[in-house]
Amino acid sequence: MRIERLELRLLKLPLVHFFETSFGRIDDKHFILVRLDGDGATGYGECVAEQDPYYSSETNETAWHIIADFVAPRVLGVEVAHPRDLFAALKAIRGHNMAKAAVEMAAWDLFAKQRGEPLSRALGGVRDRIASGVSIGIQRSLPELAEKVERELAAGYRRIKIKIKPGWDVAAVDMVRTRFGAIPLMVDANAAYTLADADHLAELDRFDLMMIEQPLDYDDIADHATLQRRLKTPICLDESIKTIGIARDAIAAGACRIINIKPGRVGGFAESIRLHDLCAAHAIPVWHGGMLESGIGRAANVHLSTLPNFTLPGDIAASKRYFDPDLIEPPIEVAADGTVAVPTAPGIGVTIRHDRVEAATLRKLEVRSQKLEVRS
Ligand code: OSB
Ligand code: MG
């Protein structure tokens with residue numbers, strides 16, 4: 001496989017509803033869309049970097065710079081036997097996993113399209129529907145939270161995750177449990193606490209949560225291990241798991257009992273598969289995280305979620321919770337039983353509405369492979 005052309009677009013899409021986490025609120029989603037062309041096929045990858053370096057150190061601007069100036073020259077015009085080799089080929093570039101992943105995932109889409117097979121098959125997936133959960137951001141009030149939970153349960157979602165932060169935690173969970181009973185429920189703190197909050201976090205134990213996601217700092221494994229010894233509730237790591245090596249250390253230290261996989265965070269699909277396999281070997285269940293992706297990135301996530309150790313519902317909800325209209329048609333939908341069908345057409349298997357992509361584009365860049373100079 002040879003990639004002849006790489007296109008970057010910075011897009012801005014309005015969110016149906018603001019999304020608030022412990023690190024802030026956003027009203028619009030700004031993200032980079034990578035397009036690769038080669039051997040007559042086209043692949044797409046959505047970059048999960050955000051405008052601000054709050055979830056991770058990467059931003060749209062750093063990702064643009066890294067892809068344009070460092071990744072593109074290493075992938076354009078080069079013969080790539082299989083997209084699983086790309087991450088290793090980018091080893092000289094330290095970090096910047098979201099930038100690398102956007103290109104790597106586009107290369108998988110291109111590869112699967114060239115072979116005429118759905119991405120799930122190329123990745124080694126084993127199911128044709130995936131279980132869907134929702135992530136509910138921090139709300140203005142508890143009644144508003146109750147309303148949101150009620151709506152999502154009615155839509156059939158298989159688990160509810162609520163974002164927490166100091167000042168919006170025990171009372172919010174208490175309200176949800178009191179009103180909705182023994183629903184599959186979890187919380188995500190996005191690194192908002194420290195070990196000094198251990199007693200407070202232990203109050204959550206009485207609610208029998210599926211897990212507490214990333215309670216402590218984004219790079220802290222040792223404190224998570226200490227906290228896990230104090231808590232009955234399983235800890236799930238998200239932000240902390242930036243590499244397979246860190247995952248190995250976290251598992252060995254007992255810092256988590258569950259891991260959330262986001263390909264953008266670990267550098268793409270090949271690294272996600274390695275992480276998935278490592279977790280399976282240690283009996284650590286995994287689930288697919290979300291980064292408020294458009295339908296393009298969301299479809300890619302659906303395909304990865306078909307691997308066998310994705311045994312917990314992922315943050316892969318219907319398009320319409322976020323974007324109306326989405327960039328794809330038909331949008332991603334959730335059935336009444338809380339599952340999403342895996343697209344069966346080649347690659348990510350969704351139809352992109354190029355007119356909507358064009359309308360959402362703030363900036364565009366095109367890079368082509370340099371033809372080899374012929375010397376005589
Ligand atoms: O921590 O999982 C997170 C969104 C942006 C950044 C971080 C996170 C999230 C979500 C949204 O929880 C999940 C989704 O896309 O539905
Ligand atoms: Mg999270």
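Reply: H276 is found in helix α11, which covers residues 269-281. Helices here are DSSP runs of H or I with at least four residues, strands are E runs of at least two, and both are numbered from the N terminus. This is a predicted model, in which local features need pLDDT of at least 70 and side-chain atom pairs count only at pLDDT 80 or more, while totals for chains, interfaces and linings use all residues. Residues are numbered from 1 along each chain as its sequence is written, chains are lettered from A and ligands numbered from 1 in the order in which they are written, and side-chain values use heavy atoms, with hydrogens and water left out.

Me: Is H276 buried or exposed?

Reply: H276 is buried, at a relative accessible area of 4%. Buried means under 20% relative accessible area, exposed means over 50%, and partly exposed is in between, using a 1.4 Å probe and protein chains only.

Me: And how far is H276 from W287?

Reply: Their C-alpha atoms are separated by 9.2 Å, and the two residues are eleven apart along the chain.

Me: What about I67 and H96?

Reply: I67 and H96 are 29 residues apart in sequence, and 9.2 Å apart in space from C-alpha to C-alpha. I67 belongs to helix α1, residues 60-75, and counts as buried at 0% relative accessibility.

Me: Changing topic. Which residues hold the magnesium ion?

Reply: The protein donors of the magnesium ion (ligand 2) are D188 (OD), E213 (OE) and D238 (OD), at 2.1 to 2.3 Å from it. Donors are N, O and S atoms within 2.8 Å of the metal (3.2 Å for Na, K and Ca); water is not among the atoms, so sites may look incomplete.

Me: What spacing do those donors follow along the chain?

Reply: The pattern is D-x24-E-x24-D. D188 lies in strand β7 (residues 185-188) and E213 in strand β8 (residues 212-213), so this pair ties together parts that are 25 residues apart in sequence. D188 is buried at 0% relative accessible area, and E213 is buried at 0% as well.

Me: OK, now ligand 1. What surrounds it?

Reply: There are 16 residues around ligand 1, and the closest are S135, K163, N190, L292 and Y322. A residue is counted there if one of its heavy atoms lies within 4 Å. By class, the shell has five nonpolar, three polar and eight charged residues. Ala, Val, Leu, Ile, Met, Phe, Trp, Tyr, Cys and Pro count as nonpolar, Asp, Glu, Lys and Arg as charged, and the others, Gly among them, as polar.

Me: Which domains does that shell draw on?

Reply: The shell around ligand 1 takes at least three residues from each of domain 1 (5-116 + 352-375) and domain 2 (122-351). The bounds come from an automatic or database domain assignment.

Me: Which polar side-chain atoms lie 2.9 Å from an oxygen atom of ligand 1?

Reply: One belongs to S135, at 2.9 Å from an oxygen atom of the ligand, and another to K163, also at 2.9 Å. An N or O atom in the side chain of D238 is 3.1 Å from an oxygen atom of ligand 1. The protein covers 99% of the 390 Å² of accessible area that ligand 1 has on its own.

Me: What about D208?

Reply: D208 has a positive phi near 50 degrees. D208 is in the loop between α7 and β8, and counts as exposed at 63% relative accessibility.

Me: Where are the cis peptide bonds?

Reply: One joins D324 and P325, with omega about 5 degrees. Another joins E329 and P330, with omega about -5 degrees. P325 lies in the loop between α12 (295-304) and β12 (339-341), and P330 is in the loop between α12 and β12.

Me: Last one: how many residues of α12 are buried?

Reply: Ten of the ten are buried, so α12 is largely enclosed by the rest of the structure. Among them are G295, R298, N301 and H303.

Methods: A polar contact is a pair of N or O atoms within 3.5 Å; within protein, one must be able to donate a hydrogen and the other to accept it, and residues adjacent in sequence count only if both atoms are side-chain atoms. Accessible areas come from the Shrake-Rupley method with a 1.4 Å probe; for residues, only the protein chains shown count as cover.
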